[in-house]
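Have a look at the model first.

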Amino acid sequence: MSYIKMTVSTLAIAAVSAGTAMARDQVQVTGSSTVLPYSTIVAEAFGENFDFPSPVVEGGGSGAGRKKFCEGVGENTVDVANSSSRISQSDIDLCTANGVTEIIEVRFGYDGIVFASAVDGPDFALTQADVYNGIGAQVLKDGALVANTAATWADVNASLPAQTILALVPGTKHGTREVFDEKVILQGCEDSGAFAAFAAANAGDEDKAEELCMELRTDGTSIDIDGDYTETLARLEADKNALGIFGLSFYQNNTDKLRVATMAGVVPSTESIASGEYPVSRPLYFYVKKAHIGVIPGLKEYVTFFMSDDIAGPNGPLAAYGLVSDPELAATQAMVEAETPMGPLN
Amino acid sequence: MTDATASGMAVPAGRPKSSLLAQTALMKKRNASEARFKFYGVAAIVLSLSVLAFMLWTILNDGVSAFFQAKLSFPLELTAETLDPEGNRNRDEMARVTTIGYGRVLTTAFATELEKRGIAVEGVSEKDISDMISKDAAGDLRATVLANPQMVGTTIDATVLATGRIDGYLKGRVTMETAERDSNVTPQQLQLADALRDAGILGSSFNWDFITSPDASDQRPEAAGLGVAIMGSAYMMLLVLITCVPIGVAASIYLEEFAPKNTWTDAIEVNISNLAAVPSIVFGILGLAIFINFAGMPQSSSLVGALVLSLMTLPTIIIATRASIKAVPPSIRDAALGIGASKMQTVFHHVLPLAMPGILTGTILGLASALGETAPLLLIGMVAFVDNYPAASVAGVLDPATALPVQVYGWAQRADPAFIERSSGAIIILLIFLVAMNVLAILLRRRFERRW
């Protein structure tokens, strides 16, 4: 009995004292699963080239990551939040309420979003209006808004292949979905004239029109994928009719299985995204707690290393993986060097 | 006689004719239903076994190849000008040369060797050649050289990993046709790989690194290993064992032998059974709130992971222990008490040793389920990319680590198709551990079980 008693009490004491005694010696990163592969590539190279341990990188989503980032300052909170969309005012308010006042915003490059079908299927030359007319809930037909009944892509636009409409769209928890909604669906809604019709039907209320534009078909032609791109790929392999939405880097790693569609006549590539020709792209960010610089060993070095020309530049490993490097990299490097916190959102 | 026979044959009205030879309708129905039941039973077993066999077949089919790895062997000159420009063989000065420099040394040595052996394929650029060497090789080489600065200037026989695509070619995952469309490999590189294999430079061997190396990033599937995950899982299992067994056994003994039977103990009993059925993610949320946010323990550490898994395993162990204590016949207790043993002596000298095999089995099965758990670890930061081994001392439980099922989950999400093989390979390792634990549980039970 005394043995058991001792074990139990030692453990209890160990557990309690453990909490207070230790200092963290590695950087903790969390956030977007789109940024995760880039972040792990940098973390690995950082561990190889510096005497600091490699940062620990978690995925889980941009929103969840920023929320975790804003939990407070101290060794038990994360140092860096990866994000595939810009931080929102509500996040900043949460951060401020928890004492995270100085945030360094680092934009490290751009990422494209591509439409791809099974490799042995036909070629697709899409426009945003085609996508909207294919999967939008209500479309403009002969000047009137009607429920979308198009069965094949040829019904939408005679120049497209006569393939049954089935779009695999990222679920709403993904940052990719935001970009898809904004740059493809909303744009297509405007291009096809449906936006104006929605606005006219709602007495000029543009917010309401936007909301109506974002509604996708619910008859099984547009499927939300809550998992990752690997799930979209698996679904696409199971149903050859499907058209999936992927990040550019995922596509570049699976070019033997996927046939990429052009958007508004532009083939997605790092070059066409960098030049701004390819319309569906977004900036990628990470956010750093200034209060942790100098406290957590290696944090400043990690951020500086991440943004160095050797890593984030056009010839670095991130670009090789599918990142479109930021043309304003030098300005960001200077900003990181000076540890300038971000100003209010404009 | 004929009369008697005739009257014997005459069956009284209302009573069914019965014979051992001729089955009645009811008998037929009963026999048929028994045959049907047996058939359903066999069908259920065949169905579940075939599903299991299919699952195992898929995993083995995808995963066995993870245990073999393509490697390139060639003489490597560690040029002093590049690796130690100062020439002092001083580790700190040499540390200024990054993996990019080491990568160049590797590429040059590899290209030189190809030239010397006269291996060339039309249309393969310098970059294509350097892309055949894993990006992990430079980091490995740097670590080795920095550990032994005197190596600089010598020529060593280097064996480095080939990239995932070349590895996939040797395993049949990548073919000339897929390479045509693949942006990461060209058919010419595969032709070169054929030539290298004929020349003995490229070969495949058993991949110990898969079991011992830490995880690697998306660009280097060939270097990804389970080392950190296995260590993390081992630390957690050990901690779960030392937290759960004393607490679980003590609680069970008290509840079973000492506690009065009243509403309170009934309520506790109901709660324990309930806890055993609570979804594991709930324990993750609890762990995040208590151990990380309140007690301030480090995120991603195996200590927090183990405590969360302990909470989850504890009810299982308590239920198993109580059942095995209950199974000890009362006569044993009565006899012990009868010759003057105290209650505590009775329990610890007689009941507990007899209940031990059941406790052990329950504990091992509880541990096995904890080993396969991913969901609660998601919330405490263990589903992460961890590149450094946790320290091998007691303080190592505070270092970040991952666990085996987490690694399976993480790899299954990666973009590079080579990670599918890694993921299945990790499942094989996990299954080996689980089978070993379950076999141990059965052996212990067989060996020590006593029937009354």
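## Ground rules

Two strands pair if DSSP finds at least two bridges between them. Helices (H or I, at least four residues) and strands (E, at least two) are DSSP runs, numbered from the N terminus.

This is a predicted model, where local features need pLDDT of at least 70 and side-chain atom pairs count only at pLDDT 80 or more, while totals for chains, interfaces and linings use all residues. Residues are numbered from 1 along each chain as its sequence is written, and chains are lettered from A and ligands numbered from 1 in the order in which they are written.

## The sheet in chain B

Strand 1 (residues 68-77) of chain B runs antiparallel to strand 3 of chain B, and 5 bridges join them. One of the pairs is B:Ala70 with B:Ser204 as its bridge partner in strand 3.

Zooming out, chain B has an open sheet of 3 strands in the order 2-1-3, with antiparallel pairing. Strand 2 (155-161) and strand 3 (202-206) of chain B each have a single partner strand, so they sit at the edges with one side lacking a neighbour in the sheet.

## Where the chains meet

Taking contact as C-beta atoms, placed from the backbone, within 7 Å, 42 residues of chain B touch 42 residues of chain A. On the chain B side, helix 12 supplies the largest share, 5 residues.

Definitions and conventions: Contact = placed C-beta atoms within 7 Å.
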